[in-house]
Amino acid sequence: MTNTLHRSGDAESFRDDYIVFAIPSKKKNDTDALPKLRRFLQIALEYKPVNLGDARHGGALRSSRNVNPLAHWKRDISPDFQAVIGGLDVPTTCAAVFDNVSAAEQFVKRIKEEDLGLSVNVSTSIQGAEQCCQFACIERHSVGYSLGFEGKTEKLPNSQVAALSTMCGHGMISHSLAKKMIDFVKEDRRTPEQAATYLSRFCSCGIFNPSRAKRILEDARTKTK
Amino acid sequence: MGAIYIDPQTKRATIDRDECVECYACYNGLSQEHLNPTFVRTVRKVFAAMRVRFDPEPDVCPTAAFEPDELTWPRVVRRAFSDPRVPHESTGVEGRGTEEVKTNDVTGRVKVGEVGFTIEFGRPGVGVRFREIQEMCWALAKANVSFEKKNPVTSLMTDVGTGTLRPDILAEKVMSAIVEIKVPVERAEEVIRLVWEVEKKLDTVVALGVATRCGEFGEETVVAPVLERLGYKLERAKTNIGLGRVNQSAAEPSQQTVNV
């Protein structure tokens, strides 16, 4: 699925959104992919990602099957990156999300040097991806453009809700939850950071960007777009 | 999808089964608390009587009320196209997702001079029924466009030549589904105009992705100008940076790879 591609927003709004993911190809290079994917995630940690994830188990913030009732008052909202790396048990798409171009550039350069042999993609603004490639002295192989959303667009929510919910390309973050989180922030019932973690737990592959979400939620506190 | 609501008669959360796409976001995304349902309802009633409202964590189900249903054909197709964690073997559909241009450096799926289209229906968060996807498939097939073989929608066609889907799935609603095609660069504009024409008749949204191979020096000066001429402002892209390589022969068994 094109889960990272169709994020709502203009190029400028992706200034803090860089997804770098590695993907094995069936029957081409997947037999020894597991340790390479783990290595990919471990290296990513050195560049301070805002999220890490694999497509089977999810990201660095996950839902819990057994929540203590006290969690309503005190809950750990720190991402568990080691759980992502340790939980990877099948070759699948692994992603690292960065909130600044410098970290993304350095990571892409390092991944090139590591020579893992897996396909690596950068999903962000076109210019942002070009910048990463230039920094790492890489010529782009292929590019997949997002042309945005068409058809019955009257069924879509406002731009802030869409910007939040489309950060899970699988659609696991509902428009109504994103809208509710904006309202919670507006009513000062939750901080943008808390609201971003609720949304993050629904993303099933770890490509949700909590840093960008915080910015959008903070922006939505005073301006409805 | 908005499939869950409180029934005003029973005062219980209810799922509209026709709208539900079996994405399992409620089951997988919500944390669970396992409190006694009678206790939770009583507390809520007392609070409501006093016009007081508890402000719980919004992503916690206090009673762990959601349980997955045993799905049978054709409803199981909903889950295959809506829940990214589902093992695709349950439906016989070839893969939940597609590798498309993400592994193009290894597969060579889209070659120089070609354009790969991903026409995704129902995204974001609107959903789509297969009968609407069929409209597009028929139009594309009529225009002599060939469908990507390794794609879940193609695998549900009874006649790939005409783009006809299995009749028993047409009423099923899914979160989203991707039709994947490939054409020579010269036909890119024609395909986009065709998509524009058909999408006007559909009761859902469409997300178009257009993939192409870059030149020797990483440049892409062929497809972008066509898209810009058609009025698209290119904001975001997925860039395959060409680090992948084949390291196993076709005869070598593949691991169970989960691609989404």
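Biologist: Among contacts in chain B between residues at least 6 apart in sequence, what percentage join residues at least 24 apart?

Modeller: The share is 72%, where two residues are in contact if their C-beta atoms, placed from the backbone, lie within 7 Å. This is a predicted model, in which local features need pLDDT of at least 70 and side-chain atom pairs count only at pLDDT 80 or more, while totals for chains, interfaces and linings use all residues. Residues are numbered from 1 along each chain as its sequence is written, and chains are lettered from A, and ligands numbered from 1, in the order in which they are written.

Chain B contains seven helices and 13 strands (DSSP runs numbered from the N terminus: H or I of at least four residues for helices, E of at least two for strands). Along the principal axes, its C-alpha atoms fill a box of roughly 70 × 45 × 35 Å.

Where chain B meets chain A, each chain contributes 82 residues to the contact. On the side of chain B, the elements giving two or more residues include α1 (25-29), α4 (104-107), β5 (114-121) and β13 (236-240). The largest share, nine residues, comes from β12(B). By type, this side of chain B divides into 33 nonpolar, 29 polar and 20 charged residues; Asp, Glu, Lys and Arg count as charged, Ala, Val, Leu, Ile, Met, Phe, Trp, Tyr, Cys and Pro as nonpolar, and the others as polar.

The strand β13(B) also pairs with β5 (residues 119-125) of chain A, in the antiparallel sense and over five bridges; pairing requires that DSSP find at least two bridges between the strands. Within this pairing, B:A237 of β13(B) is the bridge partner of A:T124.
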